[in-house]
Amino acid sequence: MVPFLRHYRVFGTHRPLLQTAGRNQNLNGGWSAQCVANGSGTSVSDGNGARKDSALPDSLLRDARVLYCASPAMGHNKESHPESNKRVPAIVDALEKLELTPKVLEIQNFYPASLDDVARVHSRTYITGLEKAMSRASDEGLIFIEGTGPTYATHTTFQESLLSAGAGITLVDSVVAASKLGPSPPLGFALVRPPGHHAVPEGPMGFCVFGNIAVAARYAQHQHGLKRVMIIDFDVHHGNGTCDAFYDDPDIFFLSTHQLGSYPGTGKMNLIGQGSGEGTTLNLPLPGGSGDYSMRCAFDEVIAPSAQRFKPDIILVSAGYDAHVLDPLAGLQFTTGTFYMLASSIKELARELCGGRCVFFLEGGYNLQSLSSSVADTFRAFLDEPSLAAQFNDPAVLYEEPTRRIKKAIEKVRHLHSL
């Protein structure tokens, strides 16, 4: 265990459009780290903000096992809406109650994504239009920004969405920096909202405002020269926005497992990319009732061989927890143990293929209990600690999985992609 890691405050390299206030924690004499953009490494300041000449010990990143950023978007909220501002605080509370926070490094006071960062994925028209809509949201209190769809905005939505995208960028920077110090860099987790994988290049969709993971993928390519990016999306809903952003890109492999027939109705198996990107989109729709067995088979027979063939430079994960059996918005029956298995398996895949470079991004998950316990177990997998799923799972709510249909779907996608 590295003491006081969660108290390091790390600032990103982007022009600050909005700065977080932090949570007024006692630093207990710890360092305050400030990442500088001139390529000279990381410098430190004391508690009063005065610069010190000594460099931050490389052991900070070398010894850290998990990095995370929390961007709860407290102002972006609609009463009784499932995608509420209670989600990230519930996760952080669970991490604290399960005594996981002393073992990980929380990066605080990171900068928002720049408009140029976001414009690598989204149109300038959409970005500027959303920014202008904030004045109307300020007057009206809450507006809907997806026509007749469910995506809302308040007067803070634009800035808080930039901040959440910036959290992912900061974690990419940190994980890449750590990977240059040793063979086992920490994993990153962006505990952010609004989620992002439904947001299409031209606008918002399905609770999502900016494509956090898509912005990070383009940033990894542009800033760090990580040409080949693999995105694994295990949210119960198809990540149509991420899929659209990279559908013709041969250097970004998008792989989605999702419930067959669920919102937004995209993600058909025969959609495999187009042009030079043909073959770098893989959709595996799972029949309703699919659970732990289904995902173990999907990982072993589809996800792992796809990644091994693609040979990514970094793996990014759209981590949606709405496939949990207790989640109100879908009909799969994952358990906390399923998410532990996925986190552990993806971690090992990243170590095998891309020097351990891997960042998770929170997407869906709307039952606060199952969401928080499953994310906490994800952290335990990152830390190589045993799962506590038995404390949270209720076998009585599970039923038999449609194994024949699952096997058929996996066989079909393997044939389609020559796996």
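Reply: **The sheet and its surroundings**

In the protein chain, 76% of the contacts with a separation of 6 or more join residues 24 or more positions apart; a contact means heavy atoms within 4.5 Å. This is a predicted model, in which local features need pLDDT of at least 70 and side-chain atom pairs count only at pLDDT 80 or more, while totals for chains, interfaces and linings use all residues. Residues are numbered from 1 along each chain as its sequence is written, and side-chain values use heavy atoms, with hydrogens and water left out.

The protein chain holds 12 helices and 13 strands. These elements are DSSP runs numbered from the N terminus: helices are H or I with at least four residues, and strands are E with at least two. Of the 419 residues, 59% are buried. Buried means under 20% relative accessible area, exposed means over 50%, and partly exposed lies in between, computed with a 1.4 Å probe on protein chains only.

The part to examine is the sheet. Eight strands form an open sheet with parallel pairing, in the order β5-β4-β8-β13-β12-β9-β10-β11. Two strands pair if DSSP finds at least two bridges between them. Strands β5 (105-106) and β11 (281-286) stand at the edges with a single partner strand each, so one side of each has no neighbour in the sheet.

Consider the edge strand β11. Its partner β10 (residues 252-259) runs parallel to it, and six bridges join the two. One of the pairs is Gln259 with its bridge partner Leu286 in β11. Although β11 stands at an edge, six of its six residues are buried, so this strand is largely enclosed by the rest of the structure. In a regular strand the side chains alternate between the two faces of the sheet. In β11, Thr281, Asn283 and Pro285 point one way, Leu282, Leu284 and Leu286 point the other way, and all are buried. The loop between β10 and β11 holds Pro264, and the peptide bond from Tyr263 to Pro264 is cis, with omega near 0°.

Elsewhere in the sheet, β4 (residues 66-71) and β8 (residues 187-192) run parallel and are joined by six bridges. Tyr68 stands opposite Phe189 in β8. Helix α10 (residues 368-382) lies across β4, β8 and β13 (358-362), and runs at about 165° to β8. For such angles, axes are lines fitted to C-alpha atoms, for helices over the stretch in contact, and the angle between N-to-C directions runs from 0 to 180 degrees.

Several residues of this region belong to a nonpolar core, that is, a set of buried Ala, Val, Leu, Ile, Met, Phe, Trp, Tyr and Cys residues joined through side-chain atoms within 4.5 Å. In soluble globular proteins, nonpolar side chains tend to be buried together. The largest core here has 61 residues, of which Phe189, Leu191, Leu284, Ile315, Ile346, Phe360 and Phe379 touch the most other members. A second, separate core of 53 residues includes Leu60, Leu163, Val172 and Phe246.

The loop between β8 and α6 (212-224) also deserves attention. Pro194 has its place in this loop, and the peptide bond from Arg193 to Pro194 is cis, with omega near 0°. Phe207 is found in the loop between β8 and α6 as well; Phe207 is not a glycine, yet has a positive phi of about 75°. Phe207 counts as buried because its relative accessibility is 14%. Pro201 is another residue of this loop. The C-alpha atoms of Pro201 and Ser123 are separated by 5.9 Å, although these residues are 78 residues apart along the chain. Not counting residues up to four places away in sequence, Pro201 touches Val121, His122, Ser123, Tyr126, Gly241, Asp244 and Ala245.

A further loop, between β4 and α2 (87-97), contains Ser80. Ser80 has a positive phi of about 70° although it is not a glycine. At 74% relative accessibility, Ser80 counts as exposed.
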